[in-house]
Amino acid sequence: MASESTTTDRDTSSESAGRLAEFPENARQSGETGLLIEAFRTFTLASNSLELTFSQLQSRVRRLTEELEAKNRELERSLREKQEAQEYLRTILEKLPCGVFVLEETGAMTLCNPMAAEVLRESRGEAGRFRSDELRNLFTASAEEKREEMEITLAAGGEKKVLATSGAPLEDDRGRSLGTLHIIRDVTEVKALEEKNQRGERLAAMGEMAAELAHEIRNPLGSIDLFASLLMRECTGDLRNWAENIRIGARSLNTIVSNMLHFTGPLSPVFAEMDIHEILRETGSFCEPMIRQRGVRWEIGLAADCSLINGDRELIKQLVLNLIFNAMKAMPSEGSLAVRTRNVDGKNRRRLELRVEDTGVGITPEHLDKIFDPFFTTNKNGTGLGLSIVNQIVESHSGEIRVKSKVNRGTVFTILFDTI
Ligand SMILES: Nc1ncnc2c1ncn2[C@@H]1O[C@H](COP(=O)(O)OP(=O)(O)O)[C@@H](O)[C@H]1O
Ligand SMILES: [Mg+2]
C-alpha cells in the first residue's frame, strides 16, 4: 500500500514540473505568475524531500521487519529448544527406575513421576495428597534433616511396603521455597531377602551348635549303652528287661543324634569291604527284643549268596537302624517286620537287594514324594531327618532306593547295592 501511494505521489510531482515548463512567457513575467512559480518550486522541493524521507522510512521499516522476523525465528527456536528440554526431562522422569515427587508446603504434590505414583498408590488420596499427615510429616522431616537415606514403612492397602527415601528442600532461583523434593525406592523385596539371609545365617549358626551338642551327647550315650549291656549280663528277669530297654533307648537317641550330625556336616564315608549280613544280624539281634515286646513279629531272611559290598560300616548300620525304627513307629502294637536280602542281576555284576518290609500304617500318595525331604515328618516327635540321611547314604554308596506303600497295608523299602 505504502509503495503504491509513493508512486502516485511521484507521478503527480513530475507532471506538475512538466506543466510548469510549458507555462507561456508573458504569464511568467506577471507578479502572480512569479508567485505561483515560486509556490510550485517550493512544492516540488518539499515533495522531493518528502519522497526521500519516505523512501528512507520505507527502508527502515524493511530493516525493522527483517530484524523482527529474525527475532521471531530466534524466539521460536528457543521456544522449541525449551519444549525439547522439557520433553527430555519428562521422559527421564518417566523412565527413572525410582520414584520422584515434589511435596509443597500445602501438602500438595506438584510433581509425581509414574514410579512414585505406583509406589504411593495406596497411600495417596484426594488430589494426590497423602492420606496420612503422619506419613507426610515423615517425608518432610527426611528432607529437612538431609539424612543420607531413610527407611519408611507404608502399611496402606493391607500390604506392607518398605521404602528407602532421600529428600532435599527445593527453592527457586530467587530463594523462595517450592517445597521438598523426594526420591523413593521400593526396597520391600531387598529387605525380605536380607531378613531371609539373616535367618539363614542364624540357622547355620544353630546347625553348628547342634553338631557340637550332638558330639557331646554321643559320648555319654555310648557309656549308657555299655553299662546297660554290662547290667544285662549280670541281671536276670525284669532287671534284665529294664537294662535292655535302657540300651534300646540309648541306641535310638544315638541314631537321632547321628542323623543330626550327618545332616549338619558333610557325609564322608570311609569305604572298606564289608558284609551286609553281618550288620543285619547285629542290628537285628539288638532290635528283636524291642520289636517282640510290642507284639510285632520279627523275621530275618538273609538269602543273598554274596553279601559283600564296598561300604562304610557305621553309615550302613545307621541306614538299617533308621529303616527299622521307622517301620516300628508305623506299627505301634501289632504287625510284622521283615528284613530280607537276595542277589539280583545288575548291569556288570550281581547286586544285593535289601528289603525292609512292614505291615504298618503306610504312606499316603501325597506324602510319598516328600518323605526323603529333610524335616518332613508326620511323627509328633520326629525330626524328619532319618530318610533324608538314608537317601544320602545310599547315594554316597552309588546305590538305589525305592519305596512302595499302601495305606493301612504296609510299606516296603528296597535298596540295591553293587556287590564286590
Ligand atoms: N515304614 C514307614 N511307614 C510309614 N511311614 C513311614 C515309614 N517310613 C517313613 N515314613 C514316613 O516318612 C516320614 C519321614 O521319615 P523320617 O525321615 O525317618 O523322619 P521321622 O522318622 O523323624 O519322622 C515319617 O514321618 C513318616 O511319615
Ligand atoms: Mg525316622
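**Spaces in the model**

Modeller: This is a predicted model, and I'd start with its largest cavity, whose lining is made of Val-119, Glu-122, Ser-123, Leu-154, Ala-156, Glu-159 and Lys-161.

Biologist: What makes that space a cavity and not a pocket?

Modeller: A 1.4 Å probe fits inside a cavity but cannot get out, whereas a pocket is an open set of points. The space here holds about 40 Å³. The cut-off for counting is 30 Å³ or more, and the count comes to one cavity.

Biologist: How do you know which classes the residues lining the largest cavity belong to?

Modeller: Val, Leu and Ala count as nonpolar, while Glu and Lys count as charged. The lining therefore divides into three nonpolar, one polar and three charged residues.

Biologist: Okay, on to the largest pocket. How much volume does it have?

Modeller: About 820 Å³. It is lined by 36 residues, and the closest to its centre are Phe-325, Asn-326, Lys-329, Thr-377 and Asn-379.

Biologist: Which element gives the largest share of that pocket's lining?

Modeller: Helix 9, with seven residues. Helix 7 (237-264), helix 9, strand 10 (350-358), helix 11 and strand 12 each give at least two. Sorted by class, the lining has 16 nonpolar, 17 polar and three charged residues.

Biologist: And what takes up the space of the largest pocket?

Modeller: Ligand 1 does. To sit in a pocket, a molecule needs more than half of its atoms within 2 Å of the pocket's grid points.

Biologist: How much of ligand 1 does the protein bury?

Modeller: On its own, ligand 1 exposes 530 Å², and the protein buries 95% of that.

Biologist: Which residues come nearest to ligand 1?

Modeller: Thr-377, Thr-378, Thr-383, Gly-384 and Leu-387, out of 20 residues around it. That shell has eight nonpolar, ten polar and two charged residues.

How values were computed. Residues numbered from 1 in each chain as written. Chains lettered and ligands numbered in written order. Predicted model: local features only at pLDDT ≥ 70, side-chain atom pairs only at ≥ 80, totals over all residues. Heavy atoms only, no water. Near = heavy atom within 4 Å. Areas by Shrake-Rupley, 256 points an atom, 1.4 Å probe, with all protein chains shown as cover. 1 Å grid on protein atoms, 1.4 Å probe; cavity = no way out; pocket = protein on both sides within 12 Å on 5 of 7 lines; lining within 4 Å. Points joined across faces, edges and corners; volume = space filled by probe spheres on them. Helix = DSSP H or I, 4+ residues; strand = E, 2+ residues; numbered from the N terminus.
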